[in-house]
Amino acid sequence: MSNVLKGFETRFTGWAFIFAALLLWGGWGLTTHHIGEWIQASDFEEVGKNVWYWIWMYRFHIFGWVTMAIASFALITVLTQRPLRVVAFPGLGMIIVGTFSLAIANAFYYNFGAWGVGIVDAISNPDSNYPVAIVNEFKTVDEFMKSILATNNYVTCFIRFGRIFSGVGFVLLGYAFIKWNIVNKLLAWFTLLFGVAAVAVILGIPDNYEIYKPLFHVKVVWLIAMGVFLLKDGIKVPEAQA
């Protein structure tokens, strides 16, 4: 037997999911330039056309990941009943780990994208106000690019593993949704199948950043669906079993 929980907890969690979606999609959609899996010297020219606007859009995007983690933590506090928590908690935990992995990876592109603009300006403009120590360290843009290559390679692993971790979490969470009838069946199966698809795509098609991109947009749709469902219907929680 299930009880419908609908109140401050579900309103806060629902709006958190929706706000996360708005930050993620807004930051991504309104930015002036998208950096690919590997930072290119040509990215700095595009970013530099309106660097502060680009920085703020990236900040919104990164805080979208952080807000998604907040929403997931909030959902954990709602799903405390036994025995569903043994599946739901690990699922949401993996989603949170994956979310922060993606946030950290995006912070790399944010930091080095903006830093590269300063480096290019300092190298091409002797009167630049950029710190002298950094200017002296890199005499050419190529030197700067070589210095971040190893880190960029490591960050691509963060991107892949962030999606893998999240995907596994979605599978577990979707299973909990279905087994204990916590949310609408359509949303529950959407959660499970998205997790399976995310894991399958990353494992089956390694190192293809362009193919990974749709996963991001599907995840944002899921965030909106979760938020709307929680606000509209609340959440069904089974009675705790001893």
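Helix H8 gives the most to the lining of the largest pocket, with six residues. This is a predicted model, in which local features need pLDDT of at least 70, side-chain atom pairs count only at pLDDT 80 or more, and totals for chains, interfaces and linings use all residues. Numbering runs from 1 along each chain as its sequence is written, and side-chain values use heavy atoms, with hydrogens and water left out.

**The largest pocket**

The largest pocket holds about 420 Å³ of space. A pocket here is an open set of points on a 1 Å grid over the protein atoms alone, where a 1.4 Å probe fits, with protein on both sides within 12 Å along at least five of seven lines. Lining residues have an atom within 4 Å of a point. Grid points are joined across faces, edges and corners, and the volume is the space filled by probe spheres set on the points.

The lining counts 26 residues. Trp-28, His-61, Asn-106, Arg-163 and Tyr-209 lie nearest the centre of the pocket. Six helices each supply at least two lining residues: H1, H3 (51–78), H4 (85–124), H6 (141–179), H7 (185–204) and H8. By class, the lining has 14 nonpolar, nine polar and three charged residues. Nonpolar covers Ala, Val, Leu, Ile, Met, Phe, Trp, Tyr, Cys and Pro; charged covers Asp, Glu, Lys and Arg; the others, Gly among them, are polar.

**Overall layout**

The chain has eight helices and two strands. Helices (H or I, at least four residues) and strands (E, at least two) are DSSP runs, numbered from the N terminus. Along the sequence the pattern reads β-α-α-α-α-α-α-α-α-β. The C-alpha trace spans about 75 × 35 × 25 Å along its principal axes. Of the 242 residues in the chain, 46% are buried. Buried means under 20% relative accessible area, exposed over 50%, and partly exposed in between (1.4 Å probe, protein chains only).

**A nonpolar surface patch**

Trp-25, Trp-28, Val-221, Ile-224 and Val-228 make a nonpolar surface patch of about 390 Å². Helices H1 (8–30) and H8 (209–233) each give two or more residues to this patch. H8 gives the most, with three residues. Ile-224 sits in H8. Ile-224 is partly exposed because its relative accessibility is 31%.

Patch residues have over 30% relative accessible area and no salt bridge; like charges are joined within 9 Å, and nonpolar side chains (Val, Leu, Ile, Met, Phe, Trp, Tyr) within 5 Å. Accessible areas come from the Shrake-Rupley method with a 1.4 Å probe, and for residues only the protein chains shown count as cover.

**Salt bridges**

Side chains of opposite charge can pair when their charged atoms come close. The whole structure has three salt bridges. The criterion is a side-chain nitrogen of Lys or Arg within 4 Å of a carboxyl oxygen of Asp or Glu.

| Glu-37 | Arg-160 | 3.6 Å |

Glu-37 counts as buried, at 13% relative accessibility. Arg-160 is buried too, with a relative accessible area of 15%.

In the second pair, Glu-46 is partly exposed at 29%, whereas Lys-49 is exposed at 61%. In the third, Asp-233 is partly exposed at 35%, and Lys-232 is exposed at 56%.

Ser-166 lies in H6. Ser-166 is buried, as its relative accessibility is 2%. Ser-166 and Thr-99 are 67 residues apart in sequence, and their C-alpha atoms are 6.7 Å apart.

Val-168 is also found in H6. Val-168 is partly exposed, with a relative accessible area of 33%. From Val-168 to Ile-95 the separation is 73 residues in sequence and 7.7 Å in space, C-alpha to C-alpha.

Asn-181 is in the loop between H6 and H7. Asn-181 is not a glycine, yet has a positive phi of about 50°. Its relative accessibility is 29%, so Asn-181 counts as partly exposed.
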